Protein chains: 6
Amino acid sequence: MRADGRRADELRPLRLERHYTRHAEGSVLVAFGDTQVLCTASVEERVPPFRRGSGAGWVTAEYGMLPRATHTRSDREAAKGKQSGRTQEIQRLIGRAMRAVFDLGALGERTIQLDCDVLQADGGTRTAAITGAYVAAHDACSWLREQGLIQAWPLRDAVAAISVGIVDGVPLLDLAYTEDSACDTDMNVVMTGQGGMIEVQGTAEGAAFSRAELNQLLDLAQAGIAQLHRAQRLSLGLSDV
Amino acid sequence: MRADGRRADELRPLRLERHYTRHAEGSVLVAFGDTQVLCTASVEERVPPFRRGSGAGWVTAEYGMLPRATHTRSDREAAKGKQSGRTQEIQRLIGRAMRAVFDLGALGERTIQLDCDVLQADGGTRTAAITGAYVAAHDACSWLREQGLIQAWPLRDAVAAISVGIVDGVPLLDLAYTEDSACDTDMNVVMTGQGGMIEVQGTAEGAAFSRAELNQLLDLAQAGIAQLHRAQRLSLGLSDV
Amino acid sequence: MRADGRRADELRPLRLERHYTRHAEGSVLVAFGDTQVLCTASVEERVPPFRRGSGAGWVTAEYGMLPRATHTRSDREAAKGKQSGRTQEIQRLIGRAMRAVFDLGALGERTIQLDCDVLQADGGTRTAAITGAYVAAHDACSWLREQGLIQAWPLRDAVAAISVGIVDGVPLLDLAYTEDSACDTDMNVVMTGQGGMIEVQGTAEGAAFSRAELNQLLDLAQAGIAQLHRAQRLSLGLSDV
Amino acid sequence: MRADGRRADELRPLRLERHYTRHAEGSVLVAFGDTQVLCTASVEERVPPFRRGSGAGWVTAEYGMLPRATHTRSDREAAKGKQSGRTQEIQRLIGRAMRAVFDLGALGERTIQLDCDVLQADGGTRTAAITGAYVAAHDACSWLREQGLIQAWPLRDAVAAISVGIVDGVPLLDLAYTEDSACDTDMNVVMTGQGGMIEVQGTAEGAAFSRAELNQLLDLAQAGIAQLHRAQRLSLGLSDV
Amino acid sequence: MRADGRRADELRPLRLERHYTRHAEGSVLVAFGDTQVLCTASVEERVPPFRRGSGAGWVTAEYGMLPRATHTRSDREAAKGKQSGRTQEIQRLIGRAMRAVFDLGALGERTIQLDCDVLQADGGTRTAAITGAYVAAHDACSWLREQGLIQAWPLRDAVAAISVGIVDGVPLLDLAYTEDSACDTDMNVVMTGQGGMIEVQGTAEGAAFSRAELNQLLDLAQAGIAQLHRAQRLSLGLSDV
Amino acid sequence: MRADGRRADELRPLRLERHYTRHAEGSVLVAFGDTQVLCTASVEERVPPFRRGSGAGWVTAEYGMLPRATHTRSDREAAKGKQSGRTQEIQRLIGRAMRAVFDLGALGERTIQLDCDVLQADGGTRTAAITGAYVAAHDACSWLREQGLIQAWPLRDAVAAISVGIVDGVPLLDLAYTEDSACDTDMNVVMTGQGGMIEVQGTAEGAAFSRAELNQLLDLAQAGIAQLHRAQRLSLGLSDV
């Protein structure tokens, strides 16, 4: 039994609240337990220089954390004048994960900018961000269709992500912060709605891990992500499989 | 009658939700209508170099806006690598307003760091931030007292703020974004619970303004701030006057 | 009697020396007593991106202080790699004050860039800067007219500024540095030649201030600014009222 | 048959040249075919603030690429004033990989700073960097032992890394740049000499990948890394298994 | 005959005005014709980290140019967030020149910080800066002696600098801006009062220069610097040789 | 006899290895003894803004040092976020030296970007960089001619550089690091193949130097540079004089 009473293969209570703020074309508050991330999707009628004239669009992401989202306050990156390596790593991951399910040609020469801002952190902020950003991106695509700006639907599949890890020898799903700090191996898995893998990032924090452990973790993650995909569809009012 | 149906001297619906996030010693979501600011107060057991060894504490503030808090997305300051002049101006104002009601000696050699992050913007973010930050600071002081870290209560008075402005010749209280954009004169007023003035910042956007207009605006602001102080006391569970 | 022998409502000796340096279209050394600011106005045949194609011009300001303009040396902002919040606040104020009296349409699609650099500081640098920058801007407009670059005169009114404050309970005009450091309330007032108000920025440094005190300070400032406007006209060789 | 004539499971010609430069405690030029990385290990008798007084040491890495290491010149990061997200991601990866095999307590309160600078790039720079940095770190540890600065040997195991990927449906080992650009799935694997996994980072560039494909790639990587470990031992003059 | 009527070996009118501003321990306005530089010397009771505990002091310099010191406005370095390579080169030169005549041991463990800010530029700003900075440094040393802070006089010699160049085949002394722009070879020479050379920096702008030309330029410079040293002594009220 | 057994007027062993890396149009490893600098020349089909439309090209240089090129590790400039004043000074010098022998009109509207990266440092890195960069630039010009991109040969002359200095009263050629640290006067000389001077930068580190000493140093440098020019021609396979 885990500190919060969950089974090893149990997700934290999940919340996907659409239309959380007013201005963005997509705005979703995603919560994985006490981890809360506000994901907004903004449609911008321009693309980065390397895409200009291609007819195809772009999807990118930025990630931030409010200074006191964490147990002890972190310095504000805007005040320090630069984003940390961790922030950049996470926002690059979110961007890649989103682009993996987008048909950028169908999007047309415009950008969907995803902003994932952590209001409260308790482990798993990047996986929550990916899971919420997909729903925000879906809403932005619906807005584009309603505005008559796109003909073809630009999302080829859904995408969601979860963390798994081995804590005291036991593989656990969806690590909370204290579990994440204590784990030997930490893995983030990003998968499509069809069950394909987009990213697998496993890191040995202490001891190295074996192929067998890797497989256990992937099994856990696969089952967890399937639940996330169902929750995404439910939240978007799509008929479930 | 204003666009949102308010009278000229009417505040927008006010919301002061304490304990909005878990980790901070004070955490308040303040809403002035559609303007929503998350204000956290963090206690840090250190002071800036110029206060070291003084025995007295420090109170300071930082301000930020999520990129899509606004109608069109703004660049993320952390990604640009610097805070705008506007951001710095606002966070300096919040810090001064807070220090005006603090007994820094009673606080002891520690810092209360206020973070005011705008989740959604519709005008008046700095005045909402001051009004909410006071409540968060009050909670942080209560926490300090509960922990036995302070003997004397370090807040000498309450502080709140409101914007006023002249739009099409009519003085209005608590300007929404469209009113703010259209106004000739824009003023932010910060006052204590006792009715003393802390800051008066009036700016002619178009035509210059007269002493008579200044006085009308201050009358409006004074009445509005009195309501904000009552709401702060209510929110903090303090017996009203 | 004040430390330098002035009456409470007396300005420091004022100096407005035009053509102080050779290259700028307007170049004015303004001195309020020991505070000396070099204000240059540069005409540039381009406008910021947000004004392009509008047919109208732009007026903006930058402010700086030589490292040893002050009693103890301050770090050079160019060496630190960023402008302080104070610097940005002041240059934004100067820019707003200048734009308030400009007819940007009459200026045509060009920029007047004002640079206010403090050679020696003794309180009131921002008010001296505004007062001198107006004279430099006037010279730049005359230059534009002489060059045949403008048809209509782009200045609608004069603008000047002064500080006032309450020191030991006494309202004083045009604070020197030691007075500024000691004051309870500090106010900067920017007014047009016609007597309209452009900016009122009052700040309680210690105790809050009352409406009555605010009014006393505004009375003092109004009388002081009238004298500054006369000195500006005199310096520009304009017939006085 | 691959463009350079290799079999799918074949490494590029490997070179590990120790003592490549004079000053560093460890200095290794590693080449994976045309990819050449200079890895230096510097011993510094201090640790970062968060390790001070712990008695234990630290191992960290920085990564850079000469501007014309690549086909077309890239901007120099020092001239741009910041390291890219990619650079930071890679140097964080190298640092984690090295720390995974270090006994930081045995190292004592000092830092081994690894610098991995790419002289010529043809894909796989991060895996070459990890493989070479281990040899440089080993030399630095030998130097520490020769100097009598350490009692216990601080390396618990070897570490090496390789890239694998699926190109046109075929799993390939040790991708050259043109293969890397064309691949659907790209994976970097870091393993210890004992065969434990330290990092697995798989990314779908185009289509998602399956568990079966993941397993094929891991098999390839495991075999390749075993060869790298033999080469490391050979280069260090250690008796092979 | 030159554009301004000077002979080839003639300096521009020289001005060395001490006590130009009030706060600095030394403050000198130096003018070489239309080139005007304000040089202040600030005494600071601390030294850079690499000098701490040495008992000896440090002398360093910073250089800046007001944005409109030049014919067309240059960007403000503080606003751009960095000093140009040219600025850094010049301030390093000034610092080296000053240290060459200082007995840093006699100065004691304190710093003399020289700030050279160009108010108006017409060629030769770095040589004017060195010439004026010496006088400011001398005043700061006198102040130190008057305060009883030093026992031994810390200046071993005087230092001054001049530019020379070949324009249309003719060697000229003390180049004005238009001469500097047109010259084939440009040389800055820094010499002590005793006639020793501190810095010789000759640059071929167009054609290369010969040893014979180099010697002509050095002859010119030597004679010019002797005049500058006389002017420095006169300005400081020292009995001339 | 010097520490490394050289005569006073003897160069260190010189190495000019062309085609050191694959991608650049010119790539030369230059070694002056233990000082090793990789010089690459990259052809880019664009020019800086101030050259656009001129029909003429541009030649520029950047300089860097690997963190552990030196005896003790230096901070990585990319990680610090800025290039030091020394770095900027050196890269400006290299750029000027190269442009002095280029016919920029013959180059056509394109840029040759020289990158000089120090792999190992033992004094004289800037002079080695100039000497090697010329050979790399020559290879880039040959590439341009082979590609048919230029008609006329854009190099008017060769260029090379050497350091000289007075150590314990003895003028020495091509200073190694320990000699450079100990020298009273340090001079870098850049000359063309025809024997013209491009740059002479002499600095008194301790005592000032005399005209006679300057002449001794120039004699030494002239003879040394003549040898460097022969080595450049040999390396390029050009018939020697």
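Mentor: Start with one contact in this predicted model. It takes 37 residues from chain A and 37 residues from chain B. Between them the two chains bury about 2,900 Å², with 47% of it on carbon and sulfur atoms.

Trainee: How do you know that a two-fold axis relates chain A and chain B?
Mentor: A rotation of 180° superposes chain A on chain B, with 0.0 Å of shift along the axis and an RMSD of 0.0 Å. That is the relation of a two-fold axis. The same surface serves both copies, as 100% of the contact residues of chain A recur in chain B.

Trainee: Why is the pair B:Arg76 and A:Asp115 called a salt bridge?
Mentor: The cut-off is 4 Å between a side-chain nitrogen of Lys or Arg and a carboxyl oxygen of Asp or Glu. Here the closest N and O atoms are 2.8 Å apart, so the pair qualifies.

Trainee: Which elements of chain A give two or more residues to the side that touches chain B?
Mentor: They are β3 (35-44), β4 (58-65), α1 (77-80) and β5 (111-120). The residues of that side divide into 14 nonpolar, 11 polar and 12 charged.

Trainee: What makes the span of helix α6 of chain D agree with expectation?
Mentor: Its 25 residues, 211-235, should span 36 Å at 1.5 Å a residue. The end C-alpha atoms are 36 Å apart, so the two agree. D:Gly237 follows α6(D), with a positive phi near 75°.

Technical notes: Residues numbered from 1 in each chain as written. Chains lettered and ligands numbered in written order. Predicted model: local features only at pLDDT ≥ 70, side-chain atom pairs only at ≥ 80, totals over all residues. Heavy atoms only, no water. Helix = DSSP H or I, 4+ residues; strand = E, 2+ residues; numbered from the N terminus. Expected span 1.5 Å × (residues − 1). Least-squares fit on C-alpha atoms with pLDDT ≥ 70 in both. Contact = heavy atoms within 4.5 Å. Buried area = accessible area lost by both parts, 1.4 Å probe. Nonpolar A, V, L, I, M, F, W, Y, C, P; charged D, E, K, R; others polar.
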